[in-house]
Structure formats: structure tokens, C-alpha cells
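The following briefing asks the reader to go through one model with the sequence and the coordinates side by side. Its points are grouped by topic.

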Amino acid sequence: MTLERALAPLMTIGGFCNLAMFEYPLGQPRTYVSCLYGLAKWSLLIYFYYYPGYIYSFQIERKMFMADVVSLLTIILILVSMCRFKELKMCLRELAIVDHTLEALGTPKEYQRLRNWIIRITIGWIVHVFYQLAYNYYNLLFYLKNDINFTEFVHWTYVMFLNCYPSYVIALSALISAAILGLVLYMCIHLLCKLFLLTLCVKMFTE
């Protein structure tokens, strides 16, 4: 198992949220497919949902809501993530080289353990999404104070999901960044410890 394969579950979800490129097979980014998918999805979302919301907020309410700011920040975040994906892959390759160095110094690879943690993080994010939807739906039922039919259920689920979707993307981006940063810190600490012990042993035997 490689480092990229260990991070694959989180990066796959990131690909569907336009935070990473689709890769098939693993290690070969499909740039055109990813860009077309992101362009088509966000064009439809902005035209049919977010843009009417902006018009309602600015022209009718004369206010700017937090959801409007979050959606704009999400679009900027996605553009930055897509443009910096090549640098991210280079960073992962360099981390793999560092990991090989640690293995040569006696530290075993823990890719399976890392993959298990990544799967747990991904499941936690999915649970958070469904929990947020259920919580918002409960508040909606409490606000309406009456039963709704299946059509209204689908409509309000669609509205609540799209309203919270930018925050889900931002949360996923934070998880990806935290996972990679934690991996970097983990490898750096182990490498520094190994180098310190190696330097200490050299000094002991040379004196």
C-alpha cells in the first residue's frame, strides 16, 4: 500500500466536492473530466439556486447573510484547490520519499493504520452531513407545526442540503488539510527523532 492509496478515500470524496482531481487509475489525474464536472455542477447551482438567493438578499432584503458569504468563499476555495492540486501531489510524493527514508532508519510504515483513520474521518464527515440535515429538518417541522407530504419533504431536503452544501465543502477541505498537515508533522517528528538518535550514537562511538 502506498501513501496516495491510504489517502484515497478522503481524496475521492474531495473529488466529488471539487476539492481534488478525479484519478483513474490512481495517480493519473483526469483534469478535463474534473474541470468539466466542476464547471457544470457549479454553473447549475449558481444559476438555479445561489444567484436567486443573492438577488433576494441584496435587492429585496437589503442584507448580506452569512450563507451568501460562505457560498462565495467556497467557490474561491474550490478554484484554489483545483489550481494547487499539482503542488499537493508533489507534496505527497515528497512525503512518500520521507517515509521511505524513515523505513530505512527502522520506522515501519503504517499505511493501513493511516487508511483506517482516513476512512473514519470520511465516515465522520458523512455522519455530520446527515446529522445537520436531520437537525435542520427537525427545526423545520417545529417551525411549520404541521405534517408535510412527500413532495414537500423532497423539496425542503433539497433546499436545506444546498443551503448547507458550501459549509460541508469547507469542512471537508479543512479535514483534508488537517490530515496532510498531521501526516507532515508525524513524519517530521519521527525523522528528527531518528536523526537525533543517529547523531547521538555517532558522537558516542567517535569520542
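In this predicted model, helix H2 spans residues 8–16, and its buried residues are Ala-8, Pro-9, Leu-10, Met-11, Gly-14 and Gly-15. Just beyond the end of H2, Asn-18 adopts a positive phi of about 65°.

**Spans annotated as transmembrane**

- An unreviewed UniProt entry lists residues 6–24, 31–52, 64–83, 117–135, 155–176 and 183–205 under "transmembrane region".
- For residues 6–24, the span is 53% helix and 11% strand, and the C-alpha atoms at its ends lie 15 Å apart.
- For residues 117–135, by contrast, the span is 100% helix and 0% strand, with its end C-alpha atoms 26 Å apart.

**Helix H4**

- Helix H4 covers residues 66–83, and its 18 residues reach 26 Å from the first C-alpha to the last, which is close to the 26 Å expected at 1.5 Å a residue.
- The buried residues of H4 are Asp-68, Ser-71, Thr-74, Ile-78, Ser-81 and Met-82.
- Because these buried residues fall within an arc of 155° when seen down the axis of H4, they line one face of the helix.
- In general, an α-helix has 3.6 residues a turn, so residues three or four places apart point the same way.
- Met-66, Ile-76, Leu-79 and Cys-83 are exposed on the other side of H4.

**Met-82**

- Met-82, which is found in helix H4, has a relative accessibility of 15% and therefore counts as buried, the cut-off being under 20%.
- Between Met-82 and Trp-156 there are 74 residues in sequence and 31 Å in space, the latter taken from C-alpha to C-alpha.

**The second largest pocket**

- The second largest pocket holds about 250 Å³ of space, and its lining is made up of 13 residues, of which Gly-38, Leu-39, Trp-42, Ile-78 and Leu-79 lie nearest its centre.
- Helix H3, residues 31–61, and helix H4 each supply at least two residues of this lining, and the largest share, seven residues, comes from H3.
- By residue class, the lining of the second largest pocket divides into nine nonpolar and four polar residues, with no charged residue.

How values were computed:
Residues numbered from 1 in each chain as written. Predicted model: local features only at pLDDT ≥ 70, side-chain atom pairs only at ≥ 80, totals over all residues. Heavy atoms only, no water. 1 Å grid on protein atoms, 1.4 Å probe; cavity = no way out; pocket = protein on both sides within 12 Å on 5 of 7 lines; lining within 4 Å. Points joined across faces, edges and corners; volume = space filled by probe spheres on them. Helix = DSSP H or I, 4+ residues; strand = E, 2+ residues; numbered from the N terminus. Nonpolar A, V, L, I, M, F, W, Y, C, P; charged D, E, K, R; others polar. UniProt positions renumbered as here; feature names shortened; annotations may be inferred. Expected span 1.5 Å × (residues − 1). Buried < 20%, exposed > 50% of the residue type's maximum accessible area, 1.4 Å probe, protein only. Arc of directions from axis to C-beta.
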